Structure formats: C-alpha cells, structure tokens
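Here are some notes for a colleague who is opening this structure for the first time. They are meant to be read with the sequence and the model side by side.

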Amino acid sequence: MNTNQLVNIQVLLDNVTFAVLMLATALYWLSVAFRRIPLIHELGTGASAVAALTTSGLLLARWIETGHFPVSNLYESMFFLCWCVLVMHLAAERFAHQRLVGAFTMPVALGMAAFSSFALPAAMKAGGPLVPALKSNWLMMHVSVMIFSYGGLMVGSLVSIAYLVVTWGKKDLELRGSSIGAGAFQRSEAIDSPALSFALSDGGTTATLAANPVAQGLRRSDLAETLDNVSYRLIGLGFPLLTVGLIAGAVWANEAWGSYWSWDPKETWSLITWFIFAAYLHARLTRGWQGKRPAILATVGFFSVWVTYLGVNFLATGLHSYGWLFGK
Amino acid sequence: MAKQAAKPGHFLWEELKRELNTGLGSLSLAIGLFLVIAVASILGTVIPQEESLEYYQQNYPESGKVVWGFVTWRFLANLGIDNVYRTWWFLALLMLLAANLMVCTFRRQIPMLKAAKTWKFYAEPRKLSKFALNTTLALDTPDALIAQLRSRRFEVHQKEGLVYASRGLLGRVGPIIIHISLLLILGGAVIGAFGGFKTQRMTAQGQNFDLQKVELPRLSLAHLPTWHVHVNKFWIDYRPDGSIDQFHSDLSVISSEGKELKRQVIAVNEPLVFEGVTMYQASWGVNSFVMRINQSPWLTIPMQAMKGGPGGQEAWGQALPFDKRGEIAVQVVTRGLQGSLMLLPFNTRTGEPLRNAITPARVGHPVKVLGQEILIRELVGETGIQVKADPGIPFVYAGFALLMIGLAMGYLSHAQVWAICLDGQLHLAGRTNRAQLSFERELSSIVENIAGQK
Ligand code: HEM
C-alpha cells in the first residue's frame, strides 16, 4: 500500500470512528433511559467494540505510514488515548456487568474523536518523522505507558463520577473492597438500603442472585458498590501504570541528560495527578473516608489527568517542549 | 507492666509512641500531605519559577493591577513561591511525608502483615454470619468445598470440621514493598542532593574545562574532581535536508599532572562516565570564526547567540567595523557549523542594512563585500556539556525496580474463606480486600458447584 492509500484509509476510519461513537453514546443513553427495551445496551457495547476496532485500524495505518508508534503529535496521541479509553471501558463493562459505565465513558471517547477530527488544524493532524528528542525506545515506552495510564485513570474516575450520580442525596454506605478489607463485615444500613431503584436493573450483578437460588444466601454487591469496586480496580490499575510511566520518563531523563527529576510543568502535573490518586487509594482505607469522599477525589483526579495530558502543552514551556537540549 | 506505666518518663514514652502511631503514622496525615503537596506543586506550575527579581517586580506589582488583589512580588518572595520546589516549607512537607511513611510502614503495616499471615479458624457459626459474604448449606463434610478451593489455588488448612483457606497473600506484601521502595527513592534523592553536584560547561573546540568552581548547596558533602577535560573536537552530523542528526564531542580527561586518563567521543544518549562523574552532550553553539580581510593576518572573532533569527531559528553573529570612519559595519551571521554564512553590511548610525550589499559566503571561499575581499577560514563550534555526579542513583534505581515489583504484587487481591461444619450444616464465609466483584462471583460459583454435587 502506498502512502496515499494509507492516508485515505485513515480519513475514512477517522470519520467512521466518530460516527460509531456517536451511535454508541446514543445507545448507552437510551439503554439507561428505557431499561425495558431489550438489546439497546448490547448494541451499545457492540458499537463501542466496533469503535475500538476502527481506532485500532486508524492507528495501525498511521503506524505503517510513518514507521513509528503513533504518539508523536496531538492527533495521534488523542486517538491512542481514545483507544485506551475504549479498551478500559470494554474491560470495565465485562467486569461489572453494568450498562451505566458506558453512559459516562462514551461521551468522553466521542469528545476525543470529535476534537481530533474536527478541532485540530490539518497541520497538526498529518503524520511526520519524529523529532530527535522522541527518538528513543525508552521515551516511546514512557509516552505510550503514560497515555495508557491516563485511559485507565479516566475510565476509573468516570465510574466514580457515575457512583456519585447514583448515590446523589443518599447517605454513605460502608463499602467493601478497600485494600485492608475494613468493610468486609455486614452493616445493617448496607443491607437495608441497596442502592437506587433504577439501579436494580437486569444489568447489575444483583440479577444473577435471583437466577440461581442455591447461592441466594450470598449477598451480592448492589449498583453503588459495584461501581465503587470497578472504579477502584481501574484506578488500582491506572496508578501503577502511571508510576511505571513516570519511572520510564525519569530513567530516560537521567540517561539522556543526567537528571531524573527536574520539576518541569508536565512532569510536575503528572506528579500532582499521582498524588491525587494516591490520596484516593489511601482514602479508601480510612474509616470515615469511604464512599463519596474517595469518589470526589477521583473526580478531581479526572480533571488533573486532563491538565497533565493537555493543559500543560498550552500553558507552559519546559523540557517537554523540547527546549534547551534538542530544539535547535 | 501496668505499675511501671505510672512512672512519668515511661508514661511520656508511651504517649509518644501512641502519638507516633495515631498522629505521625496516620493515614489521614498521609492523605492531607498528598493533597497539600499537590496544591503546592500546582503553584509552581502557575507562577513562573526561578525568574529574576525584576521579572517578579514587573509582573506582580505592589500597586496598580495587583494580581488577584494580593499576589505581589514581595508576597511571592516571602513565601518562596518563586522557587517552590526548593523552598524550606516544601522540603519540610516532603520530609514529613517520608516520616509518615516510615512510621506507618514499620509500626503499622508490617504488624498488619504478620496478623494477616497468622491464619485462624472460626469455631462458632455466629461469627461467620457477621461477614457480608456468608451462607449456609446442608452438607455434612467440608470435602467438596476443600476440593473446590484447592482447584482455585487457595491454600487450605483444616482441623476437625473447621476450614480456613486463603489466596493472594502477596497482595498484602505489595504495599509494604511499595512504601519501602518509595523510602529508598527519597533516600537516594537526599544522598544525591548532598553528595552530588551538577553543572554545565560551554567550551570551544580546543579548550579545557575544569570542575573546580561548581556551585554547591550549603551542607554539601560533594568533593569535586581535580582533573580537567580537554575538548579535542566538536562536530555535528547533518542530514541531507540540513536538519541535525547527531552531535559529537571528542573529550579527554586529563589529570592534574597532565596525563590523559580517558578519551571518548560522546553524543546525545552516549555520555562519558569517569570516577562517578557523567558528562552528557547537552547543548552547542558557534564560538567564533577565523577570517581575514584582504591580506590581513588571521583574526579569531567570537560570535554571540542571537535570539530569533529568521524563522525563529537559532543563529550566531558578530558585527565588524568595516570602514575607516566607522560608518559601516558588517554583521557576520551563521545558523550553525555547516559552513554557510551571511555578510550583512549596515549603517552604524541608523542601523539600516545596505540591502544590495548583502552577500552569502562559504567557509574557505573568498567573497567581495563593498570592494573588500573577505575569507572565512573556519567556524569554531562550542559544546555544551552537562556534568553530573549523583551517588544517590543506585538507590533511586533500586527503588524504581522494587516499586514496580511491589505495584505488580499489590494488584493481587487477598481472599480468605472460612467454613464450619456442624450438625449437618456447612457454614461458609469469605472476604477479600480488592477484587470484591470477582470474589463474589467466585464464591457463588463455588457454592453452586458443591450444592450441585450433593
Ligand atoms: C508517596 C507516598 C505513597 C504512595 C505512592 C503509596 C502507595 C500505595 C499504594 C499503591 C497502595 C496500595 C493501595 C491499594 O491497593 O489499595 C498503598 C497502600 C497502603 N498505604 Fe500507601 N503510599 C504512600 C504513602 C503512604 C503513607 C505515608 C502511609 C501511612 C500513613 C501509607 C499507608 C498505606 C496503607 C496502610 C496501605 C494499605 C496496605 C494494605 O493494603 O495492606 N501509604 N500505598
């Protein structure tokens, strides 16, 4: 295939991704609004899977065209982030059996696709050779792990936002699934007030309970608890990835110019994000801090990830604008 | 023991120990510190750091348009916000976090791990019914349950109808390793701050630099090397399209007696390491050019970096007086070491360029400018070497490695199952610390399986 064909494929897949994500968003929202209508939710899942495939195709075509992993400009990295969000979303949905997750993650994925296809000027979209600063395997690993971690953290914190919406106006539940297992014992409130009425849909894990009478004695997590645990597991995955990304960046910086940490704005913001999610993880362990407060921290973390990813490029200069070292 | 506690000294010690556990070692302190450090770090990305005093006086005035009504340069300077990450209170916060982490890890987490390791049976069904996940089945032996648990990689202990099974204890070890590795990284950073040094040296080809005058922090324990470095050669590889492919500096380390101790060509990503000191190719410039006018002797003329050359690119230049009355000068400009230059004559009084006398030139090729012959023999480059010694690096890297191991372990979920077989009933309960949903599913499929075998 020549470059022209590859570019055409990209343009096509770019538009298809946008359209499919729009459809997926609509389907998920409909499935939440009209829970009785069968199949909408499954179709939504199908659409998000198709979007994941078209984004993969787009990224692959770009990879073949430019000969390097597509994270070298905003267009490429935004579509890669979109892909990560879709993958994390599909994993979360499989894990949680929850239709609500998509209602929150799909609009974000849609926004990413829309921004990269419509808002970016053509010059920022085109693929090109790597600037010398990015020509390092460590660095490519650093960038891609970082973006993957943003995907996990974003979906995780979106699920926390969903948790906040679902428990809006309710008292905090004593939650289970904190790493010291503090909430593993029964609390009468938790049993008596099992989440919201609309939560008890057939999409929740509660449904399986009724389906097999033998296991009835075992209580299952309700919607709020499910969301809380899914959010925890995703952030628990995103946080290590962010840490590994930071380490890869630090090692590369140290090998390339002798300083593993230099407080440049992007670096600092990834540390800020890291601290916010560390606060989230530790808040879950603290008695009296379970439930809403960690979810609020995760919500703050969601915005912090965005600032780390985007904001800094517009706000400030620093090593990540490839200054003193290689800009010449 | 109780009587001894009455002694005032001992009492104080107990009090201190309690304080250490609940105060300094507490999770709420940790969460508070995380958030405060995050906010302080945000300040440093919003307020420009390490600028000159004039910069702050200009941008954060005390009268007129005061930023947000109170952020004046004096305010910034007093709180150290012009250099947040090195200001005393920021470092104190980091130290407090380290202390918090240390107390928490050694006084809380390691005992907690020991508690998690010692397994215990429950003998009373009432105890099991307190678990959120519990059920009772009509079974008179726990064998089916034990087989199920074993096939799911649980480690099972049993004693006279009592069962305790667990899996994923490493998930409890993970956070401890994470915390210890963070201490290692912080320790490495402190060692680096006090035992190391860092500096930059711009040196022209053919010149030396030494490391005698390096700015060290107060309390530094670093000892500076007595050897110096000779830059044998500096050159740049260009691609056919004129962009830069790679920088090279040929360096020799020379002892104070003048003996060559080591020689190496460095490039970006290929530093020279000698006695714990690493030298990186980090920057470059054009130092000077060698020229003559008509039949004059060869002159070496220094060049200065010029900001914002054509197209915003880097350029170096120098103005030479060019006629006897000093009315005309020629600005010699180059973009790099490729050998092409521009000669731009201009009127010294008005600054006006003499457009039709602008002449391109190449190294080694004489050109005529305003009737005079100029020959530029050579452009001399200078290399920017970043010099660093950091004895903390092995600790930091060990911390990084350990941290990744700890993180991987810390994703595992520690699951525990208890059972009591009594009077034809199997009472069952379980809990886990992370993967609550999968565990619920797993436990109910275990229950289904053993109930189905009946
Ligand atoms: C920069 C500092 C820190 C980082 C990055 C960090 C990281 C972590 C991580 C990733 C976990 C696992 C969390 C989970 O799986 O839910 C964890 C657990 C934990 N951390 Fe920290 N931590 C830090 C500081 C602290 C401090 C200062 C304390 C003490 C006050 C602390 C106390 C704990 C406790 C008690 C656990 C739970 C242990 C367990 O699950 O067995 N951490 N930490």
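1. A residue counts as buried when its relative accessible area is under 20%, as exposed when that area is over 50%, and as partly exposed in between. By this cut-off B:Y56 is buried, because its relative accessible area is 3%, while B:Y55 is partly exposed with a value of 27%. Please keep in mind throughout that this is a predicted model.

2. On the secondary structure, chain A has eleven helices and zero strands, and its pattern, read along the sequence, is α-α-α-α-α-α-α-α-α-α-α. Chain B, by contrast, contains ten helices together with 20 strands.

3. On the overall form of chain B, the radius of gyration is 36 Å, whereas a compact globule of 454 residues would have a value near 22 Å. The C-alpha trace of chain B spans about 115 × 55 × 55 Å along its principal axes.

4. On burial and surface, 60% of the 328 residues of chain A count as buried, and for the 454 residues of chain B the figure is 45%. Chain A exposes about 12800 Å², with carbon and sulfur atoms supplying 69% of that area, and chain B has an accessible surface of about 23700 Å², of which 57% belongs to carbon and sulfur atoms.

5. On contacts between residues at least 6 apart in sequence, 79% of those in chain A join residues at least 24 apart, and in chain B the corresponding share is 56%. As for charges, chain B carries 45 positive and 35 negative ones, and their mean positions are 5 Å apart.

6. On the aromatic rings, the count over all chains comes to 26 aromatic pairs. One of them is formed by A:W263 and B:F90, whose ring centres are 5.5 Å apart and whose planes stand at 80°, so that the pair is edge-to-face. Since A:W263 lies in the loop between α9 (223–257) and α10 (265–283) of chain A, and B:F90 in helix α5 (residues 88–117) of chain B, this pair joins two chains. B:F90 itself is buried, with a relative accessible area of 0%.

7. Which residues form one aromatic cluster with A:W263 and B:F90? The cluster also includes A:W261, B:Y85 and B:W89.

8. A further aromatic pair returns to the residues of the opening point: B:Y55 and B:Y56 are edge-to-face, at 5.5 Å centre to centre and with 90° between the planes. Within this pair, B:Y55 is partly exposed, whereas B:Y56 is buried.

Key:
Residues numbered from 1 in each chain as written. Chains lettered and ligands numbered in written order. Predicted model: local features only at pLDDT ≥ 70, side-chain atom pairs only at ≥ 80, totals over all residues. Heavy atoms only, no water. Helix = DSSP H or I, 4+ residues; strand = E, 2+ residues; numbered from the N terminus. Rg over C-alpha atoms; globule rule 2.2 N^0.38 Å. Buried < 20%, exposed > 50% of the residue type's maximum accessible area, 1.4 Å probe, protein only. Contact = heavy atoms within 4.5 Å. Areas by Shrake-Rupley, 256 points an atom, 1.4 Å probe, with all protein chains shown as cover. Lys, Arg positive; Asp, Glu negative; His and termini not counted. Charge placed at Lys NZ, Arg CZ, Asp CG, Glu CD. Phe/Tyr/Trp six-rings, centres within 6.5 Å; stacked < 30°, edge-to-face > 60°.
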